[in-house]
Amino acid sequence: MDYLFENLKRNLTIAWKSVFFNFKQYLCFFVALFIIQMFYGLMSVSNANNNDVEYSHVNEEYNYHMVLRDLNVDQANYLFNDSGAVFKNDIVFDIIRYDENLNYMTGKTRYDVYLFFLNDKDVSEARFRENYIPDLTALGREGESYVISTTPLLKFEDNIRANLVTFIFITLILLAVSVFLLTALYNIRVNQYKFTYGVYMTFGADFKKLFATAFWELFVISCVTLIPAVLLSTLVVFIIYIPNGFAFHFSFLVFLQVALFNLAVVLISVWMPMRWMSTRQPMSLIITEDNSNLVTSPIRSINLLNKSFPTQYEFYSIWRFRKYSVQLLTTAIVFCALFIMGLYLSEIYTTDLEYPRPQFTVDLSATEYTYDDIMSEELYAFEGIEEVRAMNNNIEAMEIASHMVTSKENVLPFHNLVVFDSEENPMENMRVTNELLYYGMTEEQLQILERYEYSGDLNSIYTGENMVIVGDSISNIRTFKFEVGDTILVSTKTGQIMSVDTNLSGRNLLKEQIANFHYEYRTFTVGAVLHNIPSGNMPIFFNAEDYQTVTKKSVETTSLNIYVDQSLTPEQIQTLDGQVRNWGRMYGEVKVSNTHRLSLDTISADKHYHEQLVCISVLILFISPLVWFFTQTLYYFKREKEFNILQSIGALTKDIRHIYIQGGLVMAGLSLIVAIVLSYLGSYALFYIYNVALPYFSGENVRYAFYMPWYAILISIVMSVGCGYFSTYLPFRSYIKSRFTLENGGAGEGEE
């Protein structure tokens with residue numbers, strides 16, 4: 001143990017002296033580790049408070065875990081008497097309240113019973129479902145059914161576990177970004193000080209020694225920055241969470257979390273640079289000019305057009321610096337791109353939070369009724385209901401082996417749809433797709449489409465003959481350039497030559513269907529085009545008659561989604577819940593479910609992920625100038641000997657100034673191009689993931705607009721161009737000042 005402490009003390013002492021006697025060399029690592037610790041501190045403090053926020057919301061709105069609805073009198077008495085409990089330890093619930101309701105259609109009294117599970121609620125729920133549910137089901141009568149629904153209070157621990165998974169996922173992302181930053185900085189340092197490392201290795205330093213030296217140096221730096229970074233991140237989170245109205249909590253475990261995260265970053269970041277260094281021959285490092293692996297010799301440059309020396313020659317031989325320029329640009333600009341992507345991601349989160357989702361779902365299938373205008377008037381009469389959507393008035397074209405044929409001119413470039421090739425119905429220059437969703441519309445549902453951006457006349461679907469409304473996108477990506485008046489062909493299967501391999505899918509399935517099925521094609525005219533409607537498959541809206549002709553199904557709605565005013569209070573939602581259920585009892589066995597959407601959205605909003613993403617994005621942006629100035633300062637410092645030689649053979653100070661400024665302008669121009677390209681590619685990758693990839697797994701299509709925030713682009717460009725120029729100009733001022741002070745070679749600051 002004494003040896004351990006002695007070894008620790010010695011390593012820390014050596015590292016401390018190395019860092020603070022060469023403070024300027026390590027300044028960028030102080031800033032980098034401070035930023036890394038701060039944005040992980042933001043996430044750690046936020047995560048702890050988010051759990052408290054969620055628990056406060058849930059306890060404020062719910063005092064029960066489960067509700068069983070539409071129980072008959074025997075089932076209700078079974079619960080009232082707790083007939084499933086034999087011994088005292090069998091008691092797993094308390095009845096918080098019950099509602100007695102009269103079903104106006106059947107004349108029977110039904111009961112809603114609200115349960116609170118005792119002790120370990122997960123165990124109690126499992127025992128309830130195992131012991132009570134079978135008995136309750138057995139007490140049911142023919143034609144009757146009851147509904148079980150749970151509240152967020154029961155699933156709170158599941159949500160906490162989900163929050164933990166999210167936190168771990170974000171931790172891994174931040175770990176990757178942090179390792180990339182620190183590894184890039186350390187690679188720059190290693191590359192610029194190969195001679196020094198060569199000397200170390202000559203005296204016997206191996207990988208273990210090199211790694212230990214690098215690790216303890218960064219460890220000392222991180223110890224200095226840890227407390228200020230955590231305190232500042234806590235202050236930022238506190239300011240963000242003030243509007244919540246909940247008590248703010250700070251746990252000293254955050255220091256431990258950030259310290260462990262920082263330790264992992266440091267260990268990973270210095271491993272590869274030191275491993276690479278340890279494989280080199282010491283003498284090759286000593287005799288090699290620093291940075292030579294990034295800058296080729298002037299001998300290999302091309303002397304074009306006998307241009308003047310050294311300024312124009314330097315410009316025309318810029319190929320020498322290609323490796324260095326690529327490394328610098330890809331390292332520095334990627335953080336500007338991550339800044340823009342972070343802001344775009346925050347907007348995606350806000351869009352998802354504001355996306356309308358139903359508060360209630362209604363199922364009429366157990367009744368003899370379908371949704372009609374009378375029901376619509378009754379539902380919209382309830383205060384707080386904003387929209388009622390019919391949900392089962394659609395069918396996927398693939399389910400009925402149908403497809404759409406349109407002109408090649410109506411398809412945007414780079415959207416490679418299947419070429420229509422049918423011997424039975426030959427048509428040239430036509431494209432075909434079965435990624436379609438057919439809707440049978442009513443006039444009420446047509447009003448819902450008015451909220452989307454569209455061209456044309458939505459009412460044309462009823463006023464014209466064979467008119468349809470179409471979307472212009474597949475998987476939320478614009479695929480078609482339809483205009484009002486264009487025509488499309490929609491197929492209806494009438495027979496088949498032979499069956500199609502059921503293992504086929506996608507384009508191959510569609511080709512086989514066209515080749516082996518008989519189709520009847522109907523021509524429809526586009527009356528309106530929807531431009532921003534969420535779409536997995538492209539929507540086509542028919543009137544009821546055309547929908548039945550194409551699909552062989554009538555437009556009968558038995559499933560509804562009810563959307564409410566987002567400003568309703570929990571008490572108003574509870575009142576509206578009772579009103580909708582009472583309405584359902586007028587029509588018999590109507591199943592009404594509360595999704596608790598408004599409560600979940602309120603919780604999500606109070607977690608302030610949008611603000612957190614913005615803060616982290618801004619911190620990531622600050623990394624870019626750090627990389628620029630650290631890299632360029634070391635790079636031009638190593639080139640000062642070269643400039644001294646140029647002056648010794650006749651170059652004036654203004655020539656050297658031109659070389660610096662010329663390099664700054666070149667880097668500024670390149671950074672402008674690279675910043676725009678990387679930012680666009682990164683943002684489009686996010687757009688594609690959220691619009692195409694994620695809906696494939698979630699089954700829910702939310703349309704996220706693709707855009708790059710203009711203010712973020714402007715900030716990124718200004719920073720990239722500014723850093724590209726000033727990270728070159730400032731080293732020039734330092735060089736001239738040094739030469740004048742040391743009177744190096746007789747050159748002075750004022751020499752022309």
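Tutor: Let us start at a turn: glycine 107 takes a positive phi near 75° in the hairpin of strand 2 and strand 3, which has six residues between the strands. This is a predicted model, in which local features need pLDDT of at least 70 and side-chain atom pairs count only at pLDDT 80 or more, while totals for chains, interfaces and linings use all residues. Residues are numbered from 1 along each chain as its sequence is written, and side-chain values use heavy atoms, with hydrogens and water left out.

Student: What makes strand 2 and strand 3 a pair?

Tutor: Strands are DSSP runs of E with at least two residues, and helices are runs of H or I with at least four, both numbered from the N terminus. Two strands pair if DSSP finds at least two bridges between them. Strand 2 (residues 93-102) and strand 3 have nine bridges in the antiparallel sense, so they pair under that rule; the bridge partner of asparagine 101 in strand 3 is arginine 110.

Student: Why is strand 3 called largely enclosed?

Tutor: Buried means under 20% relative accessible area, with exposed over 50% and partly exposed in between (1.4 Å probe, protein chains only). Seven of the nine residues of strand 3 are buried, so the strand is largely enclosed by the rest of the structure.

Student: What makes a space a cavity, and how many of 30 Å³ or more does the structure hold?

Tutor: On a 1 Å grid over the protein atoms alone, a cavity is a set of points where a 1.4 Å probe fits but cannot get out, and lining residues have an atom within 4 Å of a point.

Student: Which residues of the lining lie nearest the centre of the largest cavity?

Tutor: Of its 14 lining residues, Asp70, Arg581, Arg585, Val590 and Val592 lie nearest the centre. Helix 18 gives the most to this lining, with three residues.

How values were computed
On a 1 Å grid over the protein atoms alone, a cavity is a set of points where a 1.4 Å probe fits but cannot get out, and a pocket is an open set with protein on both sides within 12 Å along at least five of seven lines; lining residues have an atom within 4 Å of a point.
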